[in-house]
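User: I've got a model open and I'd like to learn how to read its packing. Can you walk me through a few features?

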Amino acid sequence: MQGKVEISGVNTAKLKTLKNEEMVRLMKLAKAGDEDARQQLVEGNLRLVLSVIQRFCGRGENPDDLFQVGCIGLLKAIANFDETKEVRFSTYGVPMIAGEVRRYLRDNSALRVSRSLRDLAYRVLQCKEAMVAENGREPTLEEIAKKLELPVEEISGAMDAIAAPVSLYDPVYSDGGDPLTVMDQVRDTKNTDERWIERMDLKNAFRTLSQREKQILILRFYDGKTQMEVASQVGISQAQVSRLEKSAISSMRKSIM
(Lines give C-alpha, C1' and ligand atoms only; values in the text may rest on other atoms or scores of the structure.)
Protein backbone atom coordinates (compact mmCIF):
# COMPACT_ATOMS: atom_id res chain seq x y z
CA MET A 1 0.00 0.00 0.00
CA GLN A 2 3.03 2.22 0.39
CA GLY A 3 2.94 4.98 -2.23
CA LYS A 4 -0.70 4.26 -3.10
CA VAL A 5 -2.41 7.65 -3.57
CA GLU A 6 -5.94 6.48 -4.37
CA ILE A 7 -7.71 3.79 -2.37
CA SER A 8 -11.33 2.72 -2.94
CA GLY A 9 -11.76 5.83 -5.10
CA VAL A 10 -10.54 8.16 -2.33
CA ASN A 11 -7.55 10.42 -2.96
CA THR A 12 -5.52 9.89 0.22
CA ALA A 13 -3.30 12.86 -0.55
CA LYS A 14 -6.26 15.19 0.00
CA LEU A 15 -7.79 13.69 3.14
CA LYS A 16 -9.06 16.27 5.62
CA THR A 17 -8.51 16.25 9.37
CA LEU A 18 -10.78 17.70 12.04
CA LYS A 19 -9.80 19.52 15.22
CA ASN A 20 -11.20 18.10 18.45
CA GLU A 21 -13.59 21.03 18.98
CA GLU A 22 -15.01 20.62 15.47
CA MET A 23 -15.26 16.88 16.03
CA VAL A 24 -17.39 17.36 19.16
CA ARG A 25 -19.64 19.91 17.41
CA LEU A 26 -20.24 17.66 14.43
CA MET A 27 -20.77 14.64 16.67
CA LYS A 28 -23.60 16.41 18.51
CA LEU A 29 -25.23 17.42 15.23
CA ALA A 30 -24.86 13.90 13.81
CA LYS A 31 -26.47 12.38 16.93
CA ALA A 32 -29.35 14.81 16.42
CA GLY A 33 -29.90 13.41 12.91
CA ASP A 34 -27.83 15.82 10.78
CA GLU A 35 -26.64 13.65 7.86
CA ASP A 36 -24.35 16.37 6.52
CA ALA A 37 -22.52 16.50 9.87
CA ARG A 38 -22.22 12.72 9.84
CA GLN A 39 -20.73 12.81 6.34
CA GLN A 40 -18.21 15.44 7.45
CA LEU A 41 -17.24 13.24 10.41
CA VAL A 42 -16.62 10.28 8.10
CA GLU A 43 -14.58 12.33 5.64
CA GLY A 44 -12.64 13.99 8.46
CA ASN A 45 -11.59 10.62 9.91
CA LEU A 46 -10.64 8.69 6.79
CA ARG A 47 -6.99 9.45 7.54
CA LEU A 48 -7.52 7.63 10.86
CA VAL A 49 -8.82 4.60 8.96
CA LEU A 50 -5.83 4.73 6.64
CA SER A 51 -3.36 4.81 9.55
CA VAL A 52 -5.03 1.78 11.17
CA ILE A 53 -5.17 -0.46 8.10
CA GLN A 54 -1.49 0.15 7.36
CA ARG A 55 -0.78 -2.19 10.30
CA PHE A 56 -2.52 -5.02 8.46
CA CYS A 57 -1.02 -4.61 5.00
CA GLY A 58 1.50 -7.12 3.66
CA ARG A 59 -0.75 -10.11 4.41
CA GLY A 60 -2.01 -10.63 0.89
CA GLU A 61 -5.25 -8.71 1.43
CA ASN A 62 -6.46 -6.08 -1.01
CA PRO A 63 -5.85 -2.60 0.52
CA ASP A 64 -9.14 -1.36 -0.97
CA ASP A 65 -11.01 -4.13 0.86
CA LEU A 66 -9.23 -3.35 4.14
CA PHE A 67 -10.03 0.35 3.74
CA GLN A 68 -13.73 -0.36 3.18
CA VAL A 69 -13.82 -2.66 6.21
CA GLY A 70 -12.06 0.03 8.24
CA CYS A 71 -14.72 2.52 7.17
CA ILE A 72 -17.39 0.19 8.56
CA GLY A 73 -15.51 0.27 11.86
CA LEU A 74 -15.40 4.07 11.64
CA LEU A 75 -19.18 4.27 11.12
CA LYS A 76 -19.72 2.04 14.18
CA ALA A 77 -17.37 4.21 16.21
CA ILE A 78 -19.24 7.38 15.20
CA ALA A 79 -22.59 5.77 16.06
CA ASN A 80 -21.46 4.59 19.51
CA PHE A 81 -19.14 7.41 20.59
CA ASP A 82 -20.20 9.34 23.68
CA GLU A 83 -19.03 12.92 23.17
CA THR A 84 -19.92 13.82 26.78
CA LYS A 85 -16.99 11.81 28.10
CA GLU A 86 -13.54 13.38 28.17
CA VAL A 87 -12.11 11.01 25.57
CA ARG A 88 -10.76 11.99 22.16
CA PHE A 89 -12.56 10.32 19.28
CA SER A 90 -9.32 8.88 17.90
CA THR A 91 -8.68 7.10 21.23
CA TYR A 92 -12.07 5.44 20.94
CA GLY A 93 -12.13 4.99 17.17
CA VAL A 94 -8.77 3.27 16.61
CA PRO A 95 -9.60 0.04 18.53
CA MET A 96 -13.07 -0.03 16.94
CA ILE A 97 -11.63 0.23 13.42
CA ALA A 98 -8.84 -2.24 14.18
CA GLY A 99 -11.38 -4.66 15.69
CA GLU A 100 -13.49 -4.56 12.54
CA VAL A 101 -10.43 -5.27 10.37
CA ARG A 102 -9.33 -8.12 12.64
CA ARG A 103 -12.83 -9.62 12.46
CA TYR A 104 -12.71 -9.44 8.66
CA LEU A 105 -9.27 -11.08 8.53
CA ARG A 106 -10.36 -13.75 11.01
CA ASP A 107 -13.52 -14.62 9.06
CA ASN A 108 -11.58 -14.78 5.78
CA SER A 109 -8.56 -16.63 7.14
CA ALA A 110 -7.38 -19.79 5.36
CA LEU A 111 -6.64 -21.31 8.77
CA ARG A 112 -9.44 -23.38 10.29
CA VAL A 113 -10.17 -22.77 13.96
CA SER A 114 -12.51 -24.91 16.08
CA ARG A 115 -16.05 -23.62 16.61
CA SER A 116 -15.62 -23.43 20.39
CA LEU A 117 -12.49 -21.25 20.05
CA ARG A 118 -14.21 -18.99 17.51
CA ASP A 119 -17.24 -18.58 19.76
CA LEU A 120 -15.03 -17.71 22.71
CA ALA A 121 -13.07 -15.25 20.58
CA TYR A 122 -16.34 -13.55 19.50
CA ARG A 123 -17.33 -13.19 23.16
CA VAL A 124 -13.92 -11.72 23.97
CA LEU A 125 -14.14 -9.22 21.10
CA GLN A 126 -17.67 -8.18 22.07
CA CYS A 127 -16.61 -7.76 25.70
CA LYS A 128 -13.55 -5.80 24.59
CA GLU A 129 -15.58 -3.41 22.41
CA ALA A 130 -18.09 -2.87 25.23
CA MET A 131 -15.29 -2.08 27.69
CA VAL A 132 -13.65 0.30 25.19
CA ALA A 133 -16.98 2.12 24.80
CA GLU A 134 -17.39 2.27 28.57
CA ASN A 135 -13.86 3.23 29.58
CA GLY A 136 -12.46 4.93 26.46
CA ARG A 137 -9.42 2.65 26.36
CA GLU A 138 -8.48 -0.92 25.45
CA PRO A 139 -8.85 -3.30 28.41
CA THR A 140 -6.08 -5.68 29.46
CA LEU A 141 -6.44 -9.45 29.11
CA GLU A 142 -6.77 -9.67 32.90
CA GLU A 143 -9.68 -7.19 32.88
CA ILE A 144 -11.46 -9.11 30.10
CA ALA A 145 -10.88 -12.41 31.89
CA LYS A 146 -12.32 -10.99 35.10
CA LYS A 147 -15.36 -9.63 33.24
CA LEU A 148 -16.04 -12.97 31.52
CA GLU A 149 -15.04 -14.99 34.61
CA LEU A 150 -12.59 -17.08 32.60
CA PRO A 151 -8.87 -17.88 33.00
CA VAL A 152 -6.48 -15.46 31.27
CA GLU A 153 -4.92 -18.44 29.44
CA GLU A 154 -8.24 -19.26 27.73
CA ILE A 155 -8.73 -15.65 26.66
CA SER A 156 -5.19 -15.42 25.31
CA GLY A 157 -5.46 -18.78 23.50
CA ALA A 158 -8.73 -17.83 21.81
CA MET A 159 -7.32 -14.51 20.58
CA ASP A 160 -4.12 -16.18 19.33
CA ALA A 161 -6.19 -18.77 17.45
CA ILE A 162 -8.01 -16.16 15.38
CA ALA A 163 -5.07 -13.82 14.89
CA ALA A 164 -4.13 -13.27 11.26
CA PRO A 165 -0.93 -15.08 10.20
CA VAL A 166 2.20 -12.94 10.03
CA SER A 167 4.42 -13.21 6.99
CA LEU A 168 8.11 -13.88 7.61
CA TYR A 169 8.75 -11.02 5.20
CA ASP A 170 6.66 -8.43 7.07
CA PRO A 171 8.88 -5.42 7.92
CA VAL A 172 9.21 -4.75 11.64
CA TYR A 173 11.69 -1.85 11.54
CA SER A 174 13.27 0.47 9.02
CA ASP A 175 15.74 3.30 9.49
CA GLY A 176 15.61 4.45 5.88
CA GLY A 177 17.67 1.57 4.52
CA ASP A 178 16.68 -2.05 3.99
CA PRO A 179 13.81 -2.91 6.36
CA LEU A 180 14.27 -5.48 9.12
CA THR A 181 11.75 -8.32 8.60
CA VAL A 182 10.29 -10.98 10.88
CA MET A 183 12.58 -13.49 9.11
CA ASP A 184 15.62 -11.56 10.36
CA GLN A 185 14.40 -12.02 13.95
CA VAL A 186 13.81 -15.78 13.70
CA ARG A 187 16.64 -17.94 14.95
CA ASP A 188 17.19 -21.43 13.55
CA THR A 189 17.91 -23.58 16.61
CA LYS A 190 18.26 -26.72 14.51
CA ASN A 191 20.69 -25.85 11.73
CA THR A 192 23.30 -24.06 13.84
CA ASP A 193 27.06 -24.18 13.30
CA GLU A 194 27.38 -26.48 16.31
CA ARG A 195 24.80 -28.94 14.92
CA TRP A 196 26.43 -28.83 11.50
CA ILE A 197 29.84 -29.66 12.98
CA GLU A 198 28.31 -32.48 15.04
CA ARG A 199 26.73 -33.98 11.92
CA MET A 200 30.04 -33.79 10.07
CA ASP A 201 31.80 -35.52 12.97
CA LEU A 202 29.16 -38.26 13.01
CA LYS A 203 29.44 -38.74 9.24
CA ASN A 204 33.22 -39.05 9.41
CA ALA A 205 33.01 -41.45 12.37
CA PHE A 206 30.38 -43.54 10.58
CA ARG A 207 32.67 -43.93 7.56
CA THR A 208 35.29 -45.67 9.74
CA LEU A 209 32.93 -48.59 10.53
CA SER A 210 32.82 -51.91 8.73
CA GLN A 211 30.00 -52.62 6.29
CA ARG A 212 28.33 -55.00 8.78
CA GLU A 213 28.49 -52.39 11.59
CA LYS A 214 27.04 -49.70 9.32
CA GLN A 215 24.18 -52.02 8.32
CA ILE A 216 23.34 -52.84 11.94
CA LEU A 217 23.32 -49.17 13.06
CA ILE A 218 21.13 -48.18 10.09
CA LEU A 219 18.64 -50.96 10.82
CA ARG A 220 18.61 -50.20 14.57
CA PHE A 221 18.56 -46.40 14.68
CA TYR A 222 17.29 -45.31 11.25
CA ASP A 223 14.73 -48.03 10.53
CA GLY A 224 13.89 -48.45 14.23
CA LYS A 225 14.16 -52.26 14.31
CA THR A 226 14.75 -54.31 17.45
CA GLN A 227 17.93 -56.36 17.90
CA MET A 228 15.90 -59.56 17.29
CA GLU A 229 14.52 -58.14 14.02
CA VAL A 230 18.02 -57.10 12.91
CA ALA A 231 19.40 -60.52 13.81
CA SER A 232 16.71 -62.22 11.72
CA GLN A 233 17.32 -59.92 8.72
CA VAL A 234 21.12 -60.07 8.81
CA GLY A 235 21.29 -63.79 9.64
CA ILE A 236 23.22 -63.69 12.92
CA SER A 237 22.30 -64.11 16.57
CA GLN A 238 20.83 -61.38 18.76
CA ALA A 239 23.93 -61.55 20.97
CA GLN A 240 26.15 -60.87 17.96
CA VAL A 241 23.98 -57.91 16.95
CA SER A 242 24.32 -56.52 20.48
CA ARG A 243 28.14 -56.91 20.47
CA LEU A 244 28.51 -55.35 17.00
CA GLU A 245 26.21 -52.49 17.94
CA LYS A 246 28.15 -51.67 21.12
CA SER A 247 31.45 -52.00 19.29
CA ALA A 248 30.32 -49.67 16.49
CA ILE A 249 29.05 -47.01 18.92
CA SER A 250 32.27 -47.23 20.94
CA SER A 251 34.38 -46.84 17.78
CA MET A 252 32.38 -43.79 16.69
CA ARG A 253 32.67 -42.21 20.14
CA LYS A 254 36.44 -42.65 20.11
CA SER A 255 36.66 -41.22 16.59
CA ILE A 256 34.69 -38.11 17.60
CA MET A 257 36.58 -37.58 20.86
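Predicted model: local features only at pLDDT ≥ 70, side-chain atom pairs only at ≥ 80, totals over all residues.

User: Where do I start with a core, and which residues have the most contacts inside the largest one?

Analyst: The general idea: in soluble globular proteins, nonpolar side chains tend to be buried together. Here the largest nonpolar core has 32 residues, and L74 and F89 have the most contacts inside it. Helices α1, α2, α3, α4 and α5 each supply at least two residues, and α5 gives the most, with 8 residues.

User: What does F89 touch?

Analyst: Leaving out residues up to four places away in sequence, F89 touches M23, M27, N45, L48, L74, A77, I78 and F81. Apart from that core lies another, of 12 residues, with L120, V124, A158 and M159 among them.

User: Next, E245: is it buried or exposed?

Analyst: Go by relative accessible area, where under 20% counts as buried. E245 comes out at 9%, so it's buried. You'll find E245 in helix α13, residues 238-256.

User: Which side chain does E245 make a polar contact with?

Analyst: That of R220, at 2.6 Å. R220 is also among the residues E245 touches, along with I216, L217, F221 and Q227, again not counting residues up to four places away in sequence.

Note on methods
Residues numbered from 1 in each chain as written. Heavy atoms only, no water. Helix = DSSP H or I, 4+ residues; strand = E, 2+ residues; numbered from the N terminus. Buried < 20%, exposed > 50% of the residue type's maximum accessible area, 1.4 Å probe, protein only. Polar contact = N/O pair within 3.5 Å; in protein donor to acceptor, adjacent residues only side chain to side chain. Contact = heavy atoms within 4.5 Å. Core = buried A, V, L, I, M, F, W, Y, C linked by side-chain atoms within 4.5 Å.
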